[in-house]
There are 2 protein chains.
Amino acid sequence: MRILIIGAAGMVGRRLADRLLTDGKLGSEAIKTIHAFDVVEASLTPANGIQIETEAGDVADEKTVERLIAQKPDIIFHLAAIVSGEAELAFEKGYRINMNGSRHLLEAIRLVGENRNDAYRPRLVFTSSIAVFGAPFPEKIDDEFFRAPLTSYGTQKAIGELLLADYTRKGFVDGIGIRLPTIVVRPGKPNKAASGFFSGIIREPLAGQDAVLPVSDDVRHWVASPNAAVGFLLHAGTMDLAQLGARRSLTMPGLSVTIAEMIEALRSVAGDQVVAHIKREHDPQIAAIVDGWPRDFRTERAEQAGFTADSDFEAIIRAHIADEEKRKTLR
Amino acid sequence: MRILIIGAAGMVGRRLADRLLTDGKLGSEAIKTIHAFDVVEASLTPANGIQIETEAGDVADEKTVERLIAQKPDIIFHLAAIVSGEAELAFEKGYRINMNGSRHLLEAIRLVGENRNDAYRPRLVFTSSIAVFGAPFPEKIDDEFFRAPLTSYGTQKAIGELLLADYTRKGFVDGIGIRLPTIVVRPGKPNKAASGFFSGIIREPLAGQDAVLPVSDDVRHWVASPNAAVGFLLHAGTMDLAQLGARRSLTMPGLSVTIAEMIEALRSVAGDQVVAHIKREHDPQIAAIVDGWPRDFRTERAEQAGFTADSDFEAIIRAHIADEEKRKTLR
């Protein structure tokens with residue numbers, strides 16, 4: 001089995017690749033080749049005799065995408081995207097990468113069949129986002145609530161979902177779109193994303209550093225761990241998609257937690273001294289942005305399809321601590 | 001005021017142009033020029049000293065669209081589309097006209113502002129369709145039900161709605177998308193559209209000809225008259241759009257009627273002998289297609305915004321008869 005990961009150098013993409021290398025197979029099929037594509041080269045550690053091809057390039061370049069698909073990967077994980085904040089500032093770049101990139105990928109897949117009279121119909125796992133939803137929305141957003149994004153990023157993801165469904169319906173691809181919750185705890189350095197503090201208030205205190213909390217304790221949000229995200233991708237890559245019918249994009253299950261609950265979980269796992277590193281500095285701008293984000297979902301369709309969320313927020317924190325320990329050992 | 005109508009040779013486009021020419025103004029503003037664009041030249045009768053520019057061309061050609069917009073129309077009515085049946089058969093053509101056409105139009109508008117540092121921000125009225133919804137759906141579809149189209153045409157219209165909302169949110173255009181019900185009674189000859197019989201069973205009997213009814217009498221559908229459609233366009237062209245916030249596409253009000261109710265209205269207006277021209281010939285293929293179509297809506301947002309539907313189905317039939325009389329007089 002040949003697997004193509006587009007966006008393999010990102011946090012989730014690299015973790016997915018590592019997991020596939022460790023497992024040596026996807027579902028019951030042995031993996032022969034992992035083709036890891038991104039704007040920068042992903043660094044992967046070979047394992048299980050799997051051939052690794054890393055490549056840096058532009059996902060919005062038609063010829064590049066055609067070449068990636070000409071190798072006829074059995075499964076394509078499409079994770080590449082300009083993130084929300086950048087897509088909002090760089091309007092043309094956002095549409096070029098996030099909309100045209102996805103369209104070219106679908107077209108390249110379709111044209112293999114059309115031009116070669118070939119039965120090529122790969123599995124395509126597309127990472128979408130809860131940014132396809134925009135306020136006002138109900139406290140719990142259900143599976144039939146409409147997409148009214150309030151960012152260009154959310155618009156581009158919603159368009160990707162529509163294209164994926166239509167290309168699947170026409171039989172060109174076997175597609176599934178998975179809307180990831182906000183991923184917490186992201187490893188690494190703090191970034192300037194408006195959502196960054198959700199990870200920061202856990203990650204920094206655990207590393208003995210102060211972290212700023214810019215919103216109030218009663219803010220509620222929808223989160224999943226990096227491991228849960230990889231679990232979603234693997235399940236999406238192996239499950240029978242026919243059961244989804246024509247509706248090929250699903251909101252992934254997550255935990256709906258308040259900041260206060262996150263802090264109490266941190267206290268329970270790591271104690272008061274760690275929690276003392278959280279410094280409350282209200283930022284009205286960030287608070288206003290976060291106010292427009294979904295707080296909770298009813299993810300019945302995804303649960304029926306076998307996707308599972310983290311058990312609780314303490315488990316997310318413990319998994320992060322274990323990951324950090326492993327990282328230190330590898331150094 | 002300069003008005004651009006893209007799709008001016010179609011049934012609704014020509015009727016809109018005729019109405020604007022007759023009125024001489026849109027809202028309180030006098031119309032100076034109507035630029036009527038379509039794939040074929042529209043034939044319009046001058047009136048009220050309005051300058052008419054007719055032009056035939058390709059709406060999916062970037063340079064053509066740029067040229068149309070370079071003249072900086074104050075209002076653009078975008079009605080051009082490959083219809084549902086054709087978009088389903090001609091996949092590439094459908095995406096080229098219905099998706100790329102709308103995208104190029106929005107880009108051309110944006111780039112006038114970007115390149116010239118110009119405050120150009122025209123009103124854009126985009127005709128969408130209830131085809132953005134796909135079964136299964138509730139008996140009455142509300143304003144927050146999600147778009148899950150089951151045709152490429154519906155997908156392309158849903159993408160147009162998303163782009164329109166994002167370009168509006170970013171301040172490049174002042175856009176509104178209006179989802180038209182099925183238009184009944186369409187004048188002219190029968191066509192092969194799956195929805196054709198909704199008009200045919202009224203139009204042909206009134207003209208003394210037989211018409212085939214391929215579905216059962218209890219089929220329910222969402223319809224509006226050609227005059228109501230023009231009314232929607234005029235209201236969308238003049239109303240204050242700020243009240244819509246970020247959600248710029250609305251399902252237009254219509255009548256939810258069963259075939260049996262349509263036939264009883266025809267009997268009441270024109271008598272038993274006319275109704276006798278309706279021949280029941282069940283067509284399982286058409287019945288299956290129609291089964292996937294929306295039957296009824298709750299159009300609260302559109303009604304609050306001042307859009308109004310036809311009063312009842314008898315009024316639709318009487319308006320059709322009056323139109324036909326006028327047409328005969330003009331010959």
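1. Before the counts, one term: a polar contact is a pair of N or O atoms within 3.5 Å, where, within protein, one must be able to donate a hydrogen and the other to accept it. Keep in mind too that this is a predicted model. With that rule, chain B and chain A share 21 residue pairs in polar contact, counting pairs with both residues at pLDDT 80 or more.

2. Staying with that interface, here is who supplies it on one side. In chain B, helix H4 (91–116) and helix H5 (152–169) each give at least two residues to the side that touches chain A. Sorted by class, that side of chain B holds 18 nonpolar, 5 polar and 12 charged residues.

3. How big is the contact? The size of an interface is often given as the accessible area lost when the parts come together. For chain B and chain A the buried area is about 3000 Å², with 55% of it on carbon and sulfur atoms. On the chain B side, Phe91(B), Phe146(B) and Arg247(B) lose the most area to chain A, and together they make up 22% of what that side buries. As for residue numbers, 35 residues from chain B and 35 residues from chain A take part in the contact.

4. Now the charges. Side chains of opposite charge can pair when their charged atoms come close. The rule finds 6 salt bridges across the interface of chain B and chain A. Over all chains, the structure holds 60 salt bridges.

5. Which residue partners Arg15(A) in a salt bridge? Look at Asp323(A): the two side chains meet at 2.9 Å, N to O. This pair links distant parts of the chain, with Arg15(A) in helix H1 and Asp323(A) in helix H12 (residues 313–330) of chain A, 308 residues apart.

6. Helix H1 of chain A has another partner worth a look. Two packed helices are described by the angle between their axes and the distance between the axes. In chain A, helix H1 (residues 11–23) and helix H7 (residues 226–238) cross at roughly 65 degrees, and their axes come within 10 Å. The crossing of H1(A) past H7(A) is right-handed. On the H1(A) side the contact residues include Met11(A), Arg15(A), Leu16(A) and Asp23(A), and on the H7(A) side Pro226(A), Val230(A) and Leu234(A) are among them. By class, this contact has 9 nonpolar, 1 polar and 3 charged residues.

7. Over in chain B, helix H1 (residues 11–23) packs against helix H7 (residues 226–238) at an angle of about 65 degrees, with the axes 10 Å apart. H1(B) passes H7(B) in a right-handed crossing. Among the residues in contact are Val12(B), Arg19(B) and Leu20(B) of H1(B), along with Asn227(B), Ala229(B) and Leu233(B) of H7(B). The class count for H1(B) with H7(B) is 9 nonpolar, 1 polar and 3 charged residues.

8. Last, some backbone spots to check in chain A. Most residues other than glycine have a negative phi, and most peptide bonds are trans. The peptide bond from Ala135(A) to Pro136(A) is cis, with omega near -5 degrees, and Pro136(A) sits in the loop between strand E7 (123–129) and helix H5 (152–169). Val184(A) and Val185(A) are also joined by a cis peptide bond, with omega about 5 degrees. Val185(A) belongs to the loop between strand E9 (182–183) and helix H6 (196–206). Finally, Asn48(A) has a positive phi, near 55 degrees, and lies in the loop between strand E4 (33–38) and strand E5 (51–56).

Technical notes. Residues are numbered from 1 along each chain as its sequence is written. Chains are lettered from A and ligands numbered from 1 in the order in which they are written. This is a predicted model: local features need pLDDT of at least 70, side-chain atom pairs count only at pLDDT 80 or more; totals for chains, interfaces and linings use all residues. Side-chain values use heavy atoms; hydrogens and water are left out. Axes are lines fitted to C-alpha atoms, for helices over the stretch in contact, and angles run from 0 to 180 degrees between N-to-C directions. Helices (H or I, at least four residues) and strands (E, at least two) are DSSP runs, numbered from the N terminus. A crossing is left-handed if the near helix is turned anticlockwise from the far one by less than a right angle, and right-handed if clockwise. Contact means heavy atoms within 4.5 Å. Ala, Val, Leu, Ile, Met, Phe, Trp, Tyr, Cys and Pro count as nonpolar, Asp, Glu, Lys and Arg as charged, and the others, Gly among them, as polar. Buried area is the accessible area (1.4 Å probe) that two parts lose on being put together, summed over both. A salt bridge is a side-chain nitrogen of Lys or Arg within 4 Å of a carboxyl oxygen of Asp or Glu. A polar contact is a pair of N or O atoms within 3.5 Å; within protein, one must be able to donate a hydrogen and the other to accept it, and residues adjacent in sequence count only if both atoms are side-chain atoms.
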